[in-house]
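Let's take a look at how charged side chains pair up in a folded chain. Have the structure open as you read.

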Amino acid sequence: MFTKEELMEIVAKRVENCTACPLYLTRTNVVVGEGNLDTRIVFVGEGPGEEEDKTGRPFVGRAGMLLTELLQETGFRREDVYICNVVKCRPPNNRTPTSEERLACKHFLLAQLEIINPDVIVALGATALSFFIEGKNVSITKVRGTPIDWLGGIKVVPTFHPSYLLRNRSKELRKTVLEDFKKAKSFIKEV
Ligand code: SF4
């Protein structure tokens, strides 16, 4: 019987050796994810940016600092949750990963979520949302804050990506995302 740590290490090794889509050609480091494997809540973004590609860690650039702030304001410490992305290698110039790239990488995120088995997942942005709704064309603006049932029991709460908040600099939007984080927190089951 493997521990969660051992299982995640196996996933990480496979990601490190992965050449299943063209993003492997331009990556500096893969970015698997980090955090507490016993957490009840996982935050999923789109893909690594420049800082993440340099360091091999998720959400460490400006968007990451904002995410950390929002987590703290929700009552979480960053190290208590798990943070990862839909694709594990940086798309050049931070473009949106293509559907082929997302499909090639999909099994890694599925494996990570199976290992952690959280009560709730926060989908940060449209790319993360599309992972959980199988590519249906739904606007994040319309469905943010509305929980989706995924795999018969896990709640997925879609909200805006922190990068979007950085681009818009709206206090209202920031408040909205904070409310979505708090809603997501309310789906954590007491043990
Ligand atoms: S993005 Fe995913 S599928 Fe593509 S090379 Fe990286 S780990 Fe493999």
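## A buried arginine and its partner

R78 is buried, at 13% relative accessible area, where buried means under 20%, exposed over 50% and partly exposed in between (1.4 Å probe, protein chains only). Its partner in a salt bridge is E34, with the closest N and O atoms 3.0 Å apart. A salt bridge here is a side-chain nitrogen of Lys or Arg within 4 Å of a carboxyl oxygen of Asp or Glu. R78 sits in the loop between α3 (62-74) and β3 (82-85) and E34 in strand β1 (residues 34-35), so the pair ties together parts 44 residues apart in sequence. Helices (H or I, at least four residues) and strands (E, at least two) are DSSP runs, numbered from the N terminus. E34 is partly exposed, at 21%.

## Where the model comes from

This is a predicted model: local features need pLDDT of at least 70, side-chain atom pairs count only at pLDDT 80 or more, and totals for chains, interfaces and linings use all residues. Residues are numbered from 1 along each chain as its sequence is written, and side-chain values use heavy atoms, leaving out hydrogens and water.

## More pairs

How many salt bridges are there by this rule? The count is 14. One of them joins D119 to R40, with the closest N and O atoms 3.1 Å apart. D119 lies in the loop between α4 and β4 (120-124) and R40 in the loop between β1 and β2 (41-45), 79 residues apart. D119 is buried at 7% relative accessibility, while R40 is partly exposed at 26%.
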